[in-house]
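Welcome, and please take a moment to look over the model below. We will walk through it together, one part at a time.

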Amino acid sequence: MMSLAIKYRPKSLDDMVGQRHLLSKNSVLRILIEKDAMQHSFFYGSTGCGKTTLAKVIAKTLQRPFFELNATTIKVEDIRKIFKTYINALEKPIIFIDEVHRLSKNQQEIGYPEARIPLAQLVIYLASSPKSNSAYNAINDTLKAIQDGEIYPIPPHIKTNAKNYLYPHDFGGWVQQSYLTKEMKFYHSSNIGFEKTLNDWVHKIKNITLSTL
């Protein structure tokens, strides 16, 4: 017999109860979902709060294949098989992994090996940077742009398995290429304090890279 939780599980975004700041008509998350602009996402919350349900609703809204996995039982081969099946497909699946914090190192590297170094750098910068009004303003401007509908498709050359993508680490840490369909700038450095240190570091990396090309 089907449980009531499964029988009456929400089937659409409008069916979802609660979290209206995330799922209301003009919310950032809903705009991203309806524009098919979501990337890798983490859903956090207690058991039964709706993480799996929301993932299934997103897949149904976008009419995408949906795979529900659990990090405690999946094997690396399971993930590779899904990637291989859809590697050249126009329709990409949504893969939901429960208990994601239990993924092994090998399992994590299957999904996004190139992201490990820049993500580690980002965490270090955020953890060591003092309060910055420039960063605060950049976040507000970014959120406003999303709320205003300024969401653009990902350039083809930086999508997964793209042939023309240039890996920054192959060029000393930075390489000139377009990362946006439309050029946008939200962060404007005050060039004082730690922001000046970061600016000097970025310019140094760019100059070293350009001098070797």
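How many residues does α4 have, and how far does α4 reach from its first C-alpha to its last? Helix α4 has 12 residues and reaches 17 Å, close to the 16 Å expected at 1.5 Å a residue; the expected span is 1.5 Å times one less than the number of residues in the helix. Helices (H or I, at least four residues) and strands (E, at least two) are DSSP runs, numbered from the N terminus. Before going on, keep in mind that this is a predicted model, in which local features need pLDDT of at least 70 and side-chain atom pairs count only at pLDDT 80 or more, while totals for chains, interfaces and linings use all residues. Residues are numbered from 1 along each chain as its sequence is written, and side-chain values use heavy atoms, with hydrogens and water left out.

Let us step back to the whole chain. Its secondary structure comes to nine helices and two strands, and along the sequence these follow the pattern α-α-α-α-β-α-β-α-α-α-α. The chain has 213 residues, of which 22% count as buried. Here buried means under 20% relative accessible area, exposed means over 50%, and partly exposed is in between (1.4 Å probe, protein chains only). The accessible surface comes to about 15800 Å², and 57% of it belongs to carbon and sulfur atoms; such areas come from the Shrake-Rupley method with a 1.4 Å probe, and for residues only the protein chains shown count as cover. Contact means heavy atoms within 4.5 Å. Among contacts between residues at least 6 apart in sequence, 66% join residues at least 24 apart.

Now back to α4. Its buried residues are Lys 51, Thr 52, Thr 53, Leu 54, Ala 55, Val 57, Ile 58 and Ala 59. What covers them includes α2, α3, β1 and β2. Thr 52 lies in this helix and is buried, with a relative accessible area of 17%. Leaving out residues up to four places away in sequence, Thr 52 touches Arg 9, Glu 68 and Phe 96. After the helix comes Gln 63, whose phi is positive, near 55°.

Which residues make up the largest nonpolar core? A nonpolar core is a set of buried Ala, Val, Leu, Ile, Met, Phe, Trp, Tyr and Cys residues joined through side-chain atoms within 4.5 Å. The largest one has 10 residues: Leu 13, Met 16, Leu 23, Leu 29, Ile 33, Leu 54, Val 57, Ile 58, Ala 59 and Ile 94. Helices α3 and α4 each supply at least two residues of this core, and α4 gives the most, with four residues. A second, separate core of seven residues includes Leu 69, Ile 74, Ile 79 and Leu 103.

The aromatic rings come next. A search of the whole structure finds two aromatic pairs. Rings of Phe, Tyr and Trp (its six-membered ring) pair if their centres lie within 6.5 Å; planes under 30 degrees apart count as stacked, over 60 as edge-to-face and the rest as tilted. Phe 66 and Phe 96 have ring centres 6.4 Å apart and planes at 25°, so this pair is stacked. Because Phe 66 lies in strand β1 (residues 66-70) and Phe 96 in strand β2 (residues 94-98), the pair ties together parts that are 30 residues apart in sequence. Phe 66 is partly exposed, with a relative accessible area of 25%, whereas Phe 96 is buried at 10%.

Phe 67 and Tyr 86 form an edge-to-face pair, 5.9 Å centre to centre with 75° between the planes. Phe 67 belongs to strand β1 and Tyr 86 to helix α5 (residues 76-86), so the pair ties together parts that are 19 residues apart in sequence. Phe 67 counts as partly exposed at 26% relative accessibility, and Tyr 86 counts as buried at 17%.

Our last stop is Ser 27, in the loop between α2 (20-23) and α3 (28-34). Is Ser 27 buried or exposed? Ser 27 is buried, with a relative accessible area of 5%. Its side chain reaches the backbone nitrogen of Leu 23 at 3.5 Å, and a polar atom of that side chain lies 2.9 Å from the backbone oxygen of Ser 24. Leaving aside neighbours within four places in sequence, Leu 22 is in contact with Ser 27, Leu 29 and Arg 30.

Definitions and conventions:
A polar contact is a pair of N or O atoms within 3.5 Å; within protein, one must be able to donate a hydrogen and the other to accept it, and residues adjacent in sequence count only if both atoms are side-chain atoms.
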